[in-house]
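Hi,

Here is the structure I promised to pass on.

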Amino acid sequence: MREVLVLARWDGRALLRDRWFGVLAGAFALLTLTAAAAALGAADIAGVSSFDRVAATLVHLAALLVPLIGLTVGAVWLAQDRESGVLELLLAQPVDAPTVFTGKALGVARTVIAGLLAGYGVAGTMLALRVGVDRLPAFLWVVGLSALLALATLAVGFAISAGAPTRSRALGWALLVWLSLVVLSDLGILATALILRLPVTVVLALGVLNPVSAFRLASILAISGSGDLAGAVGLYAAERLGSGALTALLMLVLLLWTVAAFLLGRLRFVRGSVL
Amino acid sequence: MEITVHDQKVFALAAAFTLEQARERAWDHKTTAFGAFSRLLLRPRGDEITVASIEKRFDPLWHAVAHKRLVYDRGREYRVPVADQTVRSVTIDGRDLRQAPAAARALVGYVPQVPGLPAHASAADVVALFQELRGVPPDPLTVLQEVGLEGAAARPIGTLSGGMVRRLALALARLGDPPCLLLDEPTSHLDREGEELVRRWLADARTEGRTVVLATHHLDGLETLVDRVALLEEGRVVAQTDVGALRHRRAFDLLVTPPLPTDLPAGVLPLPSANGALRLRVPRDVLGETVRLLGDRVVSVREVPVEMLLREADR
């Protein structure tokens, strides 16, 4: 356990020096700030409050950027160490492969979450000053769900990285997965549902099994308190399960992605280490 | 210390494959690599592959298919890797590297040929990390002083020279005083002072009874540092001997013009030669006497490479 914490501390600090993470985290903070400022600038329209506009903007922004950060940072992390020989030297020390994997994953997760909180903190402060703190719990829900999404995608990134021989190959796979989760999945589910005339429960399952969709749906439920704004699938699911149960289910989906991808990545990493 | 490697089959000898077998094997690799898309590939024609020569890191046949411009020696015997990972177990001082990796690794200090150290971290931070992993109280400055890097403690490793990185890697390998040192080309990139430092450390390690496994291409001067020498080719030991036997065989090859005197010192052997000159194998202890005897008939004197002596000693 001591070695896990030592490595987590080291990798957490190392990520702060990483240029790629710096660019992504900086872009996230800048975009959240810009989005919040732009959304607050307009008057309330058709019953949609300033807070709702800002929160909805942040949710859509996070649905794009958080998986990109999690997947690419995670995928690159072990692969670049393997490519540069750092991993070889590290695995010659008195630590076993699962310890190295766990320590590195924890360290990176800590810094990525800290980066997200910093990004949201700017927007949250602006929101509190301009709109007040009445809707703060809903905002914190979105932040918490973003952290869960970050963990899930980071774990998937580490699972990619665990078996990737080079940084460039790992990055390629990460971008492909990102594209699949963020863009292609919704279109794919729509097309599949239309062509195969899938039952609504299957469509719902396909929708919520995607961690990005699960995050989006859970966040909209947290902001609006109902499934009215969550599209047809969300509305159906909220009516069928109730908002609370649906939120719990969606959080469970994100947690399962995190745990399953982490375990898979650890297995790949251990198998990939010759001895 | 005893280091045991069981069933190391990194390369399995497969003598004299026929061209047809080679082609089949290459095709298998190709279809495996492309998976479901392999149906789209055209099966190679007979003259597209010739049997491969020895290649260390690739399956030579797959390489041959992937790079058809390469022409391999059809008649030559070659080796085929049987799998990526075939070392079943390694034990160090009775501790199995697979069953108890941390305990086994604690016994070994390792310097790879190209030390992979994080470029953005400082030398002091890296030493502190490795000290913590080895359960040694963090004191990076003392360690860096031992290798003359105290002035570079705060510098990122990416800004250090090759020799400085090598010194740092050597310092890391000694953390926690491991009873076994595994050093791959420990003196490469080092200046004379650094080489002296390494030689001193190795001598100390020998005195203290540590096991040092040293991989190097610089074979000269080895007899002062090690007890036993092995020659590796393609990851396999092809010759090995005690340093005492090697020292005993140290010799020089002399190129001389005929005629040869009849009273050459004992141990001097004539060797096959060309161009009318004569070659003599002269043991080191009679070199002076032989050269004096031959006088200006000596054209050249060349020390016999350790590698050659090692092969001969093993035979």
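**What I found in chain B**

Strand E13 (residues 278–283) of chain B runs antiparallel to E12(B), and three bridges join them. (Strands are DSSP runs of E with at least two residues, helices are runs of H or I with at least four, and both are numbered from the N terminus; strands pair if DSSP finds at least two bridges between them.) B:Leu269 has B:Arg281 in E13(B) as its bridge partner.

Before going on: this is a predicted model, where local features need pLDDT of at least 70 and side-chain atom pairs count only at pLDDT 80 or more, while totals for chains, interfaces and linings use all residues. Residues are numbered from 1 along each chain as its sequence is written, and chains are lettered from A and ligands numbered from 1 in the order in which they are written.

Back to the strands. They belong to an open sheet of four in chain B, ordered E12-E13-E11-E14 with antiparallel pairing. Strands E12 (269–271) and E14 (298–303) of chain B are the edges, each pairing on one side only.

Now the contact with chain A: 24 residues of chain B touch 17 residues of chain A, a contact being two C-beta atoms, placed from the backbone, within 7 Å. H4(B) gives the largest share of chain B's side, four residues. That side divides into 17 nonpolar, three polar and four charged residues (nonpolar is Ala, Val, Leu, Ile, Met, Phe, Trp, Tyr, Cys and Pro; charged is Asp, Glu, Lys and Arg; the others, Gly among them, are polar).

Overall, chain B has 10 helices and 14 strands.

Cheers
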